[in-house]
Amino acid sequence: MKGQAENEGEGSEGVNLEELKNKMAEFAEERDWDQFHTPRNLLLALVGEVGELSEIFQWKGEVPRGLPDWEEKEKQHLGEELSDVLLYLVRLSDICGIDLGKAALRKLELNSIKYPASLCKGSSKKLALLNKSTTTTSTNNNFYISSDNENGATDGGE
């Protein structure tokens with residue numbers, strides 16, 4: 001995906017996951033790359049791109065929002081690496097038959113139950129540390145509140 005020129009005249013307005021999915025499928029088909037786009041291969045490529053994204057921030061310490069001290073060239077490079085991560089993620093979800101938009105909205109809903117604002121607002125602590133006497137657990141994708149569980153909150157992984 002490196003070296004792709006940005007399509008002229010296309011802005012970020014109106015771009016959605018379905019459009020990206022279709023463009024990625026077309027991109028792969030035109031190059032006969034579907035044969036290589038297995039879930040494992042796409043995941044490994046995604047991990048590689050996350051590593052490249054991480055390198056951009058390595059040794060910079062905390063960076064303020066908006067990246068006010070960054071040069072335009074650095075921001076452009078960041079945008080390219082973020083795009084690589086997004087495109088591989090979209091392609092992986094497509095190949096796996098997962099509707100990424102719906103899955104993301106569902107995960108946000110589950111997290112809002114797991115981490116209620118009334119307990120978590122303003123804190124980066126895990127829910128188990130905020131309130132040891134009340135935990136949220138997941139069974140068959142339904143959430144239940146139980147009391148006095150010292151193991152803390154869990155949904156089977158994040």
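1. **Basis.** This is a predicted model, in which local features need pLDDT of at least 70 and side-chain atom pairs count only at pLDDT 80 or more, while totals for chains, interfaces and linings use all residues. Residues are numbered from 1 along each chain as its sequence is written, and side-chain values use heavy atoms, with hydrogens and water left out.

2. **Fold.** The protein chain has six helices and two strands. Their order from the N terminus is α-α-α-α-α-α-β-β. Both kinds of element are DSSP runs, numbered from the N terminus: helices are H or I with at least four residues, strands are E with at least two.

3. **Burial and surface.** The protein chain has 158 residues, and 22% of them count as buried. Here buried means under 20% relative accessible area, exposed means over 50%, and partly exposed lies in between (1.4 Å probe, protein chains only).

4. **Contacts.** Take the contacts in the protein chain with a separation of 6 or more: 53% of them join residues 24 or more positions apart. A contact means heavy atoms within 4.5 Å.

5. **L78.** This residue lies in helix α3, residues 72–95. L78 is buried, at 9% relative accessible area. Leaving out residues up to four places away in sequence, L78 touches L53, I56, F57, L67 and W70. For L78 and I56, the C-alpha to C-alpha distance is 7.0 Å, across 22 residues of sequence.

6. L87 counts as buried, at 13% relative accessibility. L87 and L46 are 41 residues apart in sequence, with 8.7 Å between their C-alpha atoms. N22 lies in helix α1 and is partly exposed, at 43%. N22 and D94 are 72 residues apart in sequence and 9.2 Å apart, C-alpha to C-alpha.

7. **Aromatic pairs.** How many aromatic pairs does a search of the whole structure find? The search finds two. In one, F27 and W33 have ring centres 5.7 Å apart and planes at 75°, so the pair is edge-to-face. The other joins F57 and W70; this pair is tilted, with 5.4 Å centre to centre and 45° between the planes. F57 sits in helix α2 (residues 39–57) and W70 in the loop between α2 and α3, so the pair ties together parts 13 residues apart in sequence. The cut-offs: rings of Phe, Tyr and Trp (its six-membered ring) pair if their centres lie within 6.5 Å; planes under 30 degrees apart count as stacked, over 60 as edge-to-face and the rest as tilted.

8. F27 counts as buried, at 15% relative accessibility, and W33 as partly exposed, at 34%. W70 is buried, at 12%. F57 is partly exposed, at 34%. Both F57 and W70 are among the residues that L78 touches.

9. **Second largest pocket.** Its volume is about 170 Å³. The lining consists of N16, L17, E18, K21, V90, S93, D94, G97, I98, D99, L100 and G101. Elements giving two or more residues to this lining are α1 (17–30), α3 and α4 (100–114). By type, the lining divides into four nonpolar, four polar and four charged residues. Nonpolar means Ala, Val, Leu, Ile, Met, Phe, Trp, Tyr, Cys and Pro; charged means Asp, Glu, Lys and Arg; the others, Gly among them, are polar.

10. **Pocket terms.** The search uses a 1 Å grid over the protein atoms alone; a pocket is an open set of points where a 1.4 Å probe fits, with protein on both sides within 12 Å along at least five of seven lines, and lining residues have an atom within 4 Å of a point. Points are joined across faces, edges and corners, and the volume is the space filled by probe spheres set on them.

11. **Backbone angles.** Most residues other than glycine have a negative phi. D32 has a positive phi, near 55°, and is found in the loop between α1 and α2. W59 is not a glycine, yet has a positive phi of about 70°. W59 lies in the loop between α2 and α3 and is exposed, at 79% relative accessible area.
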